[in-house]
Amino acid sequence: FDSSKVTVIFVLGGPGAGKGTQCDKLVREFDFCHLSAGDLLRAEQNREKSEYGELIRTYIKEGQIVPMEITIKLLENAMRAALAEGRAGEGWAEGKGRFLIDGFPRKMDQALKFDEEVCQSSLVLFFTTTEEVMLKRLLKRGETSGREDDNEESIKKRFRTYKETTMPVIEHYNKQGKVASIDASPSIDEVYEKASAVIKELFA
Ligand code: UP5
Ligand code: MG
């Protein structure tokens, strides 16, 4: 696809900060296609003929970042499909598209490769809160989510990867002046008020 016609917003923040929740709300108000890298990886893991199923399962359980080639390919395919099927927001018929890419990039190699080979993001929405808040949310969700990484042991590993591997990515985009930080500690609606204001401003 023509990357110059595509608008990409990266949505980052620690595990359980509320990225998915806020993206779900944003796509209801704004014309975006929401793609979660984690959801795409989980779908690939469960696809019967996938050659990566076991590998993905191990990485996710250990809170490690799956080799970037796999994730970038899944994202590119999903973007292409959304554009072809008219699920990429306003202007898709002219080959334009708007994407909220949730939980990606979370390692410097992914960030550089996506910027160079897929497209440049316009903005990074960064949801930030304490580990205490995130742990509480994830353990609660773990009661019903069925996610193999929603247990205390995996969560601790995810926090560690987030601090060591993903924070440098946020720093990298911060230096480019692309990061909008939002305190993700208050209620879902209060956080959404701030998030939607940022998006409105971007398209104003
Ligand atoms: N909740 C949300 N907001 C709330 C609020 N304001 N107040 C009270 N409760 C709130 O929310 C989590 C829970 O909190 C929910 O129950 C929600 O109702 C509640 P959610 O919106 O799901 O948070 P989110 O930030 O999306 O948390 P998630 O667990 O999805 O974050 P992760 O970043 O850990 O998970 P992801 O799916 O992105 O990645 C999983 C794994 O995939 C990674 O650990 C990694 O192994 C792998 N991965 C890669 O290898 N490469 C990638 O590029 C991406 C992922
Ligand atoms: Mg999520």
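Analyst: Setting aside neighbours within four places in sequence, F104 contacts F10, V11, L12, A37, T71, I72, L75, Q110 and F114, where contact means heavy atoms within 4.5 Å. The model is predicted, so local features are given only at pLDDT of at least 70 and side-chain atom pairs only at 80 or more, while totals for chains, interfaces and linings use all residues. Residues are numbered from 1 along each chain as its sequence is written, chains are lettered from A and ligands numbered from 1 in the order in which they are written, and side-chain values use heavy atoms, without hydrogens or water.

The peptide bond between F104 and P105 is cis, with omega about -5°. In general, most peptide bonds are trans. P105 belongs to the loop that runs from β3 to α5; helices (H or I, at least four residues) and strands (E, at least two) are DSSP runs numbered from the N terminus.

F104 is also one of the residues that touch the most other members of the largest nonpolar core, together with V8, F10, M79, F99, I101 and F114. That core has 29 residues; a nonpolar core is a set of buried Ala, Val, Leu, Ile, Met, Phe, Trp, Tyr and Cys residues joined through side-chain atoms within 4.5 Å. Buried means under 20% relative accessible area, exposed over 50%, and partly exposed in between, with a 1.4 Å probe and protein chains only. At least two residues of the core come from each of β1, β2 (33-36), α4, β3, α5, β4 (123-128) and α7. The largest share, 7 residues, is from α4. A separate core of 23 residues includes I9, L100, Y192 and I199. Nonpolar side chains tend to be buried together in soluble globular proteins.

Among the contacts of F104 is A37, which is found in helix α2 (residues 37-46). A37 is buried, at 4% relative accessibility. Beyond four places in sequence, A37 touches T71, D102, G103 and F104.

Within α4, A82 has 0% relative accessibility and counts as buried. A82 touches C33, R87, A88 and F99, residues up to four places away in sequence not being counted. From A82 to V133, 51 residues apart along the chain, the C-alpha separation is 34 Å.

Helix α1 (residues 19-29) also has a buried set, made up of K19, Q22, C23, K25 and L26. Viewed down the axis of α1, they fall within an arc of 165°, so they line one face of the helix. Their cover includes β1, β2, β3, β4 and α8 (188-203).

T129 sits in the loop between β4 and α6 (131-145) and is buried, with a relative accessible area of 16%. Leaving out residues up to four places away in sequence, T129 touches A17, M134, A184 and S185. The side chains of T129 and S185 make a polar contact of 2.9 Å. A polar contact is a pair of N or O atoms within 3.5 Å; within protein, one must be able to donate a hydrogen and the other to accept it, and residues adjacent in sequence count only if both atoms are side-chain atoms.

Finally, the ligand. An oxygen atom of ligand 1 is 2.7 Å from a side-chain N or O atom of R158, and a polar side-chain atom of R42 lies 2.9 Å from an oxygen atom of ligand 1. A nitrogen atom of ligand 1 lies 3.3 Å from a backbone N or O atom of I188. The protein covers 86% of the 1,000 Å² of accessible area that ligand 1 has on its own.

Conventions
Accessible areas come from the Shrake-Rupley method with a 1.4 Å probe; for residues, only the protein chains shown count as cover. The arc is that of the directions from the helix axis to the C-beta atoms.
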